[in-house]
Amino acid sequence: MIPTVAVTRYVTPLREGGSLPGIVEGDDLGTYVCKFRGAGQGVRVLVAEVVVGELARRIGLRTPTLVALDLDPEIARYEADEEVQDLLNASPGLNLGVDFLPGAFGFDGELPTGEGVASKVLWLDAFTANVDRSWRNPNLLFWHGDLWVIDHGAALYFHHAWPGGITDPARFANQPWSPDDHVLLSYAHDLPKADGEIRGLLDEHAFTEILALVPDSWLEPVPGAETPEALRAAYVRFLTARLGTSQWLPQDPAEAAAR
Ligand SMILES: Nc1ncnc2c1ncn2[C@@H]1O[C@H](COP(=O)(O)OP(=O)(O)OP(=O)(O)O)[C@@H](O)[C@H]1O
Ligand SMILES: [Mg+2]
């Protein structure tokens, strides 16, 4: 599992985030962006954050270290803001911690050159059906001269249908993905090369290792997968099925952007 860190202090809300993430301090003296399990979207978005974040890391992208933040609702007693108090009270146990990158700034249209980074990001978003990397909401940070990917809670949305019973992996495998709104569309010149490289790094075994990083308490039982292990296996089946197809990968995205 990702490492567990206890929250020692709630510092401030991160007002930009739609889900009211907050900055917290941990007992390892680290500073984290905390995504709360009690926020409206529920624990599945935290699963997506870990799975897609760790996929990003595996394929050579930079993304902040992820931890499980153990929150004692006692912390809420020191919080004046009622909305924040409610969120803390609704989030006892493990929440997602994203290592805070101090002084990072948002993507402004300039990319560091010559690394194929844009193609890798586009590949990741196509593979995981992530719709949250648009100009309006790039979810890319610049930090120490490098591009970092963040905020993957909107990916893997097939799992939001699971409360009605585990769905068919073949549907996700065959689901197209539109690159039209993607912020890096016109920079992704090496997609076939990225595709070849990345496919050499991922397989069922890699997916199994990634799912092992997800805390049990975020893997809520659904019909057809009643235990955390069964949930993990379902995610692995879905990812493996999608890796077995390639129609989700845009053809000539840079050309499409120029049109
Ligand atoms: N690890 C980090 N280090 C520094 N800044 C961060 C980090 N994570 C997030 N931020 C900042 O906070 C903003 C909101 O974070 P994030 O996008 O992860 O939250 P969200 O609630 O999913 O937001 P939204 O739904 O609005 O995209 C980011 O756009 C970025 O400016
Ligand atoms: Mg965001």
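Strand 7 and strand 8 pair in the antiparallel sense, over four bridges. This is a predicted model. One of the pairs to look for is Leu141, whose bridge partner in strand 8 is Trp148.

Strands of a sheet pair through backbone hydrogen bonds.

Next, the metal. The magnesium ion, ligand 2, is coordinated by Asn139 through OD1 and by Asp151 through OD, at 2.1 to 2.2 Å. Where do Asn139 and Asp151 lie in the chain? Asn139 is in the loop between helix 3 (117-127) and strand 7 (140-143). Asp151 is in the loop between strand 8 (146-149) and helix 4 (169-173). Twelve residues separate the pair. Asn139 is buried, because its relative accessible area is 10% and the cut-off for buried is under 20%.

A polar side-chain atom of Asp151 lies 2.7 Å from an oxygen atom of ligand 1. The protein covers 81% of the 610 Å² of accessible area that ligand 1 has on its own. In total, 18 residues surround ligand 1. The closest are Glu16, Ser19, Lys35, Asp99 and Asp151. Lys35 brings a polar side-chain atom to 2.7 Å from an oxygen atom of ligand 1. Asp99 uses its backbone instead: an N or O atom there lies 2.9 Å from a nitrogen atom of the ligand.

Lys35 belongs to strand 3 (residues 31-35). Follow that strand back to its partner. Four bridges join strand 2 to strand 3, and the two run antiparallel. Glu25 has Thr31 of strand 3 as its bridge partner. Strand 2 and strand 3 form a hairpin with four residues between them. Leu29, in the turn, has a positive phi of about 70 degrees. Strand 2 also pairs with strand 1 (residues 4-13), in the antiparallel sense and over five bridges. Tyr10 finds its bridge partner in Val24 of strand 2. Is strand 2 (residues 22-26) mostly covered or mostly uncovered? Strand 2 is mostly covered, with four of its five residues buried.

Helix 3 is mostly covered: eleven of its eleven residues are buried. Among them are Val117, Lys120, Trp123, Asp125 and Phe127. Just after helix 3, Ala129 takes a positive phi of about 55 degrees.

Helix 5 (residues 191-199) has Leu191, Ala194, Asp195 and Ile198 as its buried residues. Look down the axis of helix 5. Its buried residues fall within an arc of 105 degrees, so they line one face of the helix. On the other side of helix 5, Pro192 and Lys193 are exposed.

Note on methods: Residues are numbered from 1 along each chain as its sequence is written. Chains are lettered from A and ligands numbered from 1 in the order in which they are written. This is a predicted model: local features need pLDDT of at least 70, side-chain atom pairs count only at pLDDT 80 or more; totals for chains, interfaces and linings use all residues. Side-chain values use heavy atoms; hydrogens and water are left out. Donors are N, O and S atoms within 2.8 Å of the metal (3.2 Å for Na, K and Ca); water is not among the atoms, so sites may look incomplete. Buried means under 20% relative accessible area, exposed over 50%, partly exposed in between (1.4 Å probe, protein chains only). A residue is near a molecule or strand if one of its heavy atoms lies within 4 Å of it. A polar contact is a pair of N or O atoms within 3.5 Å; within protein, one must be able to donate a hydrogen and the other to accept it, and residues adjacent in sequence count only if both atoms are side-chain atoms. Accessible areas come from the Shrake-Rupley method with a 1.4 Å probe; for residues, only the protein chains shown count as cover. The arc is that of the directions from the helix axis to the C-beta atoms. Two strands pair if DSSP finds at least two bridges between them.
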